[in-house]
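Thanks for coming. I will take the sheet to begin with, then a few individual residues.

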Amino acid sequence: MEISDKLLCLFSAEVEEEEDRYVVEVPKREINTGAVDPGDTYRVALISGDGEAEPASDATGHTPTDEPQPPVEEGEIRYVEIEDLGKQGDGIARVERGYVIIVPGGEVGERVKVEISEVKSNFAVGEIIE
């Protein structure tokens, strides 16, 4: 299955019947992370589920929490486009689900190769390496 680069979030939900319509609820965590804004319009793709999905575990056997995890890891190399400047003049790039990567020395419109040096729950720092 091919997944679009425009994917903002991914979650499982039931289709619920409400009077004369059907509803799919978006988890609050997707709003809180900035992936989705209330009132905006989005395209929705539905993928059939064969019953209840079991939570996946990582290589250490731990089951992920309900909180979304950062889409980058320390040491990861990424190509990003600087979209904005922060209050202190650092470049701001956004990746999956609107997750922010702060790029010191980045200029708006520039496409740079960065190495992720620090990862927090709501942002990361990437150092320009090329």
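**The sheet and its residues**

What we have here is an open sheet of 6 strands, in the order 3-7-8-6-5-4, with mixed pairing. Strand 3 (77–81) and strand 4 (84–85) each have a single partner strand and stand at the edges, so one side of each has no neighbour in the sheet. On terms: strands are DSSP runs of E, at least two residues, numbered from the N terminus, and two strands pair if DSSP finds at least two bridges between them.

This is a predicted model, where local features need pLDDT of at least 70, side-chain atom pairs count only at pLDDT 80 or more, and totals for chains, interfaces and linings use all residues. Residues are numbered from 1 along each chain as its sequence is written, and side-chain values use heavy atoms, leaving out hydrogens and water.

Strand 5 (residues 91–94) pairs with strand 6 (residues 100–103) in the antiparallel sense, over 4 bridges. Opposite isoleucine 92 is isoleucine 102 in strand 6.

Strand 5 also holds arginine 94. Its side chain joins that of glutamate 83 in a polar contact of 3.2 Å, that is, a pair of N or O atoms within 3.5 Å, where within protein one must be able to donate a hydrogen and the other to accept it, and residues adjacent in sequence count only if both atoms are side-chain atoms. C-alpha to C-alpha, arginine 94 and glutamate 83 are 7.5 Å apart, and 11 residues apart in sequence.

Now the loops. Most residues other than glycine have a negative phi. Glutamate 19, in the loop between strand 1 (15–18) and strand 2 (21–24), has a positive phi, near 50°. Arginine 97, in the loop between strand 5 and strand 6, also has a positive phi, near 60°.
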